Amino acid sequence: MPDDVYDLTIVGAGPTGLFAAFYAGLRQMKTKVIDALEQPGGQVAVLYPEKYIFDVPGYSKILAKDLVKCLVEQGFQYNPTVVLGERVTSMHRINGTIELGTDKGTRHVTKAVLVAAGVGAFSPNRLEAKGAADYEGKGVYYFVKDKGTFKGKNLLIVGGGDSAVDWALNIKDIAKKITLVHRRDVFRAHEGSVAELMKSSVDVKLFFEVKSVSGDGSNVTQAVIYDNRSQAETTLDVDAILVNIGFRADLGPIKDWGLQIDGREIRANGKMETSIPGVFVAGDIAGPQDGVKLNLIATGYAQAAMAVNVAKAFVDPNSKIFPGHSSEMKK
Ligand SMILES: Cc1cc2nc3c(=O)[nH]c(=O)nc-3n(C[C@H](O)[C@H](O)[C@H](O)COP(=O)(O)OP(=O)(O)OC[C@H]3O[C@@H](n4cnc5c(N)ncnc54)[C@H](O)[C@@H]3O)c2cc1C
């Protein structure tokens with residue numbers, strides 16, 4: 001087999017995919033994890049990072065974003081190949097391996113696949129203002145890869161959720177100036193963070209939206225914002241715009257992979273095997289036969305352990321499904 005063939009490729013880096021990555025590492029599988037988002041953590045990271053979770057085994061309560069940190073630390077400890085910002089669009093069986101194609105035109109070849117795609121691939125809601133699409137990646141951002149990007153900049157942040165508020169607070173001391181526009185006067189963010197924002201140096205403009213974005217061709221230089229009550233417009237000089245107006249999830253092409261699908265679930269047996277040999281499923285997207293559908297993090301963990309151990313025996317028929325306990329395996 002060529003070097004670039006992985007034992008297991010996990011589609012989705014939500015809690016299920018991250019725990020599966022850990023388990024695959026423990027089982028010494030050559031592992032790859034692919035997620036459409038630029039950050040791991042799935043729903044937990046993008047939909048409710050500031051909420052407490054009370055039903056994760058081992059924690060009486062844990063802040064969602066802290067759980068993601070722990071999952072990443074545990075999940076990536078065996079150094080799987082991690083591919084972020086790529087959405088898997090196709091899956092084909094070719095000569096005993098499985099080939100996954102992505103929206104970035106890349107191919108990933110693997111002996112087994114674990115689909116841990118949750119409620120579908122997340123993508124950020126795009127700013128619909130005139131000119132915003134032309135400046136995406138040229139000053140208009142939907143994710144912060146490195147907050148140093150905004151050092152000394154006139155930054156406009158768009159949004160009123162946890163991400164917008166947290167980033168404003170996080171970047172305010174390195175940016176030259178931050179203006180935050182939100183279309184309402186109620187935030188969907190942690191109230192302590194909102195109180196801190198309102199007292200900070202960030203210029204918060206409530207009931208404001210972005211009308212248009214313009215620039216010099218290579219970078220954004222201006223944004224026209226308007227008061228959605230009076231329609232009065234204001235022009236801001238900006239070097240960067242960070243848009244945090246939520247995410248949408250879409251199962252999309254998974255439906256065309258030849259798997260047995262029922263509504264939003266991929267059918268599986270009790271071993272988390274799908275209708276295609278070598279393709280396993282776990283987490284919110286899994287519909288195990290005769291199972292009760294419980295879309296919980298704990299359910300995904302258990303299904304991930306099951307799927308990975310069965311996948312290990314699929315890839316290497318000499319290995320056992322149950323390897324023993326981690327306390328005995330790990331030094
Ligand atoms: C507001 C809210 C509160 C919740 N509170 C709790 C709670 O208190 N306790 C609890 O146990 N559960 C809770 N849940 C449910 C819990 O978050 C989910 O059960 C859990 O996130 C499922 O994990 P997952 O990894 O299976 O899927 P997801 O978290 O949905 O992750 C799937 C990942 O796969 C990626 N993906 C999908 N398709 C593709 C593709 N084609 N290519 C590449 N990547 C892809 C997505 O981008 C995503 O990152 C809550 C959910 C919500 C919305």
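Predicted model: local features only at pLDDT ≥ 70, side-chain atom pairs only at ≥ 80, totals over all residues.
**View 1. The largest pocket and the residues around its centre.** The largest pocket has a volume of about 660 Å³, and 23 residues line it, of which Q39, A45, P49, K65 and W167 are the closest to its centre.

**View 2. Elements and domains that supply the lining of the largest pocket.** Three helices, α2 (42–46), α3 (64–75) and α4 (162–171), each give at least two residues to this lining, and the largest share, five residues, comes from α4. Both domain 1 (5–123 + 248–329) and domain 2 (126–245) take part in the lining of the largest pocket, with at least three residues drawn from each.

**View 3. The second largest pocket and the residues around its centre.** The second largest pocket holds about 450 Å³ of space, and among the 34 residues that line it, G14, A116, A117, G118 and V119 are the closest to its centre. The lining of the second largest pocket divides into 20 nonpolar, nine polar and five charged residues.

**View 4. Elements that supply the lining of the second largest pocket.** Two or more residues of this lining come from each of the helices α1 (15–26) and α2 and from each of the strands β2 (31–35) and β9 (121–124). The largest share of the lining, three residues, is supplied by α2, a helix that also gives at least two residues to the lining of the largest pocket.

Note on methods
Residues numbered from 1 in each chain as written. Heavy atoms only, no water. 1 Å grid on protein atoms, 1.4 Å probe; cavity = no way out; pocket = protein on both sides within 12 Å on 5 of 7 lines; lining within 4 Å. Points joined across faces, edges and corners; volume = space filled by probe spheres on them. Helix = DSSP H or I, 4+ residues; strand = E, 2+ residues; numbered from the N terminus. Domains from an automatic or database assignment. Nonpolar A, V, L, I, M, F, W, Y, C, P; charged D, E, K, R; others polar.
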